[in-house]
Amino acid sequence: MARNPFTIWVSFFGLLIGLMLAAVLLSGRGWLFGEAPVPSRPDSLRIVSLAPNLTEILFALGLQDKIVGVSSDSNFPPQAAQYKKVGSFWNPDVEAVLSVRPSLVVTLGFAQQANLAALLEKAGCQTLQVDIDTIDQLYGAIRKIGRATGSQESAERLIKEIADGLEAYRGRAADCGRKVLWVVQRQPLRAAGKNTYFTELLETAGAVNAVQSAVFQYPPLSEEQFLLTGADVIIETADSSDDWQRQKASAEIFYSRFKGIPAVEQGRICIVDSDLLCRLGPRLPLAMEAIVNCICSQKLEQGKPQ
Amino acid sequence: MITSRQLLKEIGFGVGGLAAVVLLCALIGSEPLSLEGIVKGRQPDAQIFFQVRLPRLMLAVLVGAALASSGAVFQVLLRNPLAEPYILGISSGAGLGVMLAVLAGFQWSWGELSAQSLFAFIGALATTALVWWIGGFTGRTGGPGMILAGVVVNVFFSAVIMLLTALAKAGQIQTTLFWLMGFLSSYTEMKIWVVSVFLAGAGFGILLWLSPQLNILSLGTAQARSLGVVPERLFPIAFIAASLLTSAAVSLSGLIGFVGLIVPHSVRLIFGPDHRRLLPMCALFGAMFLAIADTIARILIPQAQLPVGVITALAGGPFFLLLMIRQSKPVYGGGL
């Protein structure tokens, strides 16, 4: 029955192992043996951040010297680029985290990061898990990080700074008095719902969220529901300024089918820097500024970051 | 016919090969480790090697072996070359179990056994029982009736999963999707290990014990009956044992496709259809295959770990086709 089973066996696994080695070469890293990766440093505090907004918080607390690794999507402030990358926010790489021998890993609370935190704890690594979904939680997280890193004072200062920054925009959009819609995804349509920090920002500024559904944080909208929102302003996000122009153009084409909505009729479709709007972090006042600019500009204009 | 001595020699070779593969895979990863550091127990090298890579590889070995050997058994029991461990509704049943656990917000664990693993396991077994019960009405065990029942239950439960997805919050959907895509985690609690190894071992042991009868069954029901094997008696035991194996694998790693289909076929093409040889070889090959596939998944794109199912399909599919074209020979009685 078997014809040369041994040859086939060897060829099968030869092929697989070949593939594996090819992958090692192609990936350009992780070769079999390396040198001892990290020289030991006398610092006792060695922090790893697993999310871009956590990195921003650490920087804002003046802890940049203590950071030894950040998630690969941590792009602000620009200096964050020089740290070792430990995998993406969605898919953290436990090996990379352990290889920098952290004394404190700051994580968010969702499944992937919680799993990683459990593994790190087991490996004897201290972790700090924070949930940041609302502005209050942001303050709580800053306070928690401040306590864990012995920088309570800077934490309180930062919280005050953010709160004051937001307060400066209180009621600024009230005269514009508009219903605002943050479309997070076009197809299928999905927008920021009532129980989000976006609503909190709008309410501080004196505007309202056009979506009042409270079941989902980011509810899907049927075209009918979308028309019924009667939004005066539509906000979308884009990554870089090049994308802004492109997204602006495609947004105009996309929304032209919803003629009944004031935002579409008056061309109030606004593109905002996604890092600014999507990250609940120290730059929240800037996000607020961008939103207020969007709402109150008579002309079709982009919300300018910084 | 093979002698037991020959078989033991082959298994010995296989186990040696598996150990070598695991060791090699454990030395490869996104971070370069120094061999000296591992041996001397220096951190973080030893930590990464022993606490991150080895547990994950062990999981790959267990899951790969379980899926491949149960796939081989389902193929002969259902007399269908397309049969795979998930064909009888186990995938959607386990998926539904996890979805329910997530939706109900079960964060509790019993000992260290988490609600999700437990629900996956129960969902998988309950669905198999349901399919078995429905299939029973069609009269013939292992006939097309059972496969059809499995397909329909799968579709039905998938629809229920979609329905529940509409009710779930974003974070909950994440957990379920993650699970449906299949994943191998470095973090598995000891108690889960013990339970799974025990269940999978029991299932595999029973199948191995039944393998001479499975050989006879593969000749056809009528033939088997004339040779003194009662299919109605053999079928439920083998069926439960194979389901146990699959359910244990599913509750450990979610749904990892393709291993249970291509490994048994490849092994059958190479070693022939004798189950006394086929089952251990399937387990060994499945283990090696998943260990290597997972290593590729870990390193292919730096620091963005791919789902291992992508690799099993990409690497296994073409190879299997090649093997099939070159080695084709009717081994199922009716031809492949």
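This passage looks at chain A as a whole and then at a helix pair and a serine in chain B. The model is predicted, so local features need pLDDT of at least 70 and side-chain atom pairs count only at pLDDT 80 or more, while totals for chains, interfaces and linings use all residues. Residues are numbered from 1 along each chain as its sequence is written, chains are lettered from A and ligands numbered from 1 in the order in which they are written, and side-chain values use heavy atoms, leaving out hydrogens and water.

Chain A holds twelve helices and ten strands (DSSP runs of H or I with at least four residues, and of E with at least two, numbered from the N terminus). Of its 306 residues, 52% are buried, meaning under 20% relative accessible area with a 1.4 Å probe, protein chains only. Among chain A contacts (heavy atoms within 4.5 Å) with a separation of 6 or more, 60% join residues 24 or more positions apart.

In chain B, helices α5 (residues 115-136) and α10 (residues 231-253) pack at about 150 degrees, axes 9 Å apart; axes are lines fitted to C-alpha atoms over the stretch in contact, and angles run from 0 to 180 degrees between N-to-C directions. α5(B) and α10(B) are therefore roughly antiparallel, the label for angles over 145 degrees. Residues meeting here include B:F121 and B:W132 from α5(B), and B:F235 and B:F239 from α10(B).

Helix α10 of chain B also contains B:S253, which is buried at 0% relative accessibility. Beyond neighbours within four places in sequence, B:S253 touches B:V63, B:G182, B:F183 and B:L184.

Notes:
Angles under 35 degrees count as roughly parallel, over 145 as roughly antiparallel, 65 to 115 as roughly perpendicular and the rest as oblique. Buried means under 20% relative accessible area, exposed over 50%, partly exposed in between (1.4 Å probe, protein chains only).
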